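Q: I am new to this structure. Could you please show it to me and walk me through some of its parts?

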Amino acid sequence: MQKSRLSLALLATTLSVTATAQVQTWNIDPNHTAAQFSVRHLGISTVRGAFTKVTGTVQYDPANPAKTVIDATIDANSIDTRVEMRDKDLRSPGYFDVAKFPTLTFKSKKVEAAEAGKLKVTGDLTIHGVTKEAVLDVEGPSAPIKDPWGNQRMGASASTKINRQDFGVGGGGAAVGNDISITIDLEMVQPQPK
């Protein structure tokens, strides 16, 4: 009896360690990641832009995607719509007020498998100091590959739509649409152990 209890305890410990070992930490690669957005202008055209500095981590278990934890930070000052005068306006208190709110963040709360190769990620999105729940539709992540330097890499693409007024970003009045489409193309890297 004592021997079987010891065997069961050993088996339980082994399974616990194995399950924990499956969760992998991936760093968001800021050089190959961008958060892009689009918004209607005057109701007749679409203006597109991106935040070019995205950092963070992803805890990912390929055997159980529900254990995924995403923590991403976007540098609000990195906004780029290819028009410097407009970018300065977007950084001002009338829009993102980057001096007061230098970052946008997303922290996942729940991850569900959707159809094959897709996830539904629910989390807290903070923009302009206001936090609201947002749902990201994620394609991926891709299968990991090894880059020429020996690091593991994988990619994913996430999309959502928000109303900017919900986050207190009200500049531009009726000239700027309220619905913002967001797409985040990200590459994640898992460095070789040193």
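A: One term comes first: helices (H or I, at least four residues) and strands (E, at least two) are DSSP runs, numbered from the N terminus. This is a predicted model, in which local features need pLDDT of at least 70, side-chain atom pairs count only at pLDDT 80 or more, and totals for chains, interfaces and linings use all residues. Residues are numbered from 1 along each chain as its sequence is written, and side-chain values use heavy atoms, with hydrogens and water left out.

Q: Where does valine 47 lie?
A: Valine 47 belongs to strand 3, residues 45–51.

Q: Is valine 47 buried or exposed?
A: Valine 47 has a relative accessible area of 16%, so it counts as buried (under 20%; exposed is over 50%, partly exposed in between, with a 1.4 Å probe and protein chains only).

Q: What does valine 47 touch?
A: Not counting residues up to four places away in sequence, valine 47 touches Phe37, Ser38, Val39, His41 and Arg86, where contact means heavy atoms within 4.5 Å. Phenylalanine 37 is 10 residues from valine 47 in sequence, and their C-alpha atoms are 8.4 Å apart.

Q: Turning to aspartate 61, which loop holds it?
A: Aspartate 61 is in the loop between strand 4 (54–60) and strand 5 (69–75). Aspartate 61 is buried, with a relative accessible area of 0%.

Q: What does the side chain of aspartate 61 reach?
A: The aspartate 61 side chain reaches the backbone nitrogen of alanine 63 at 3.0 Å.

Q: And phenylalanine 96, what is it in contact with?
A: Leaving aside neighbours within four places in sequence, the contacts of phenylalanine 96 include Phe51, Ile79, Leu90 and Ile127.

How values were computed: Polar contact = N/O pair within 3.5 Å; in protein donor to acceptor, adjacent residues only side chain to side chain.
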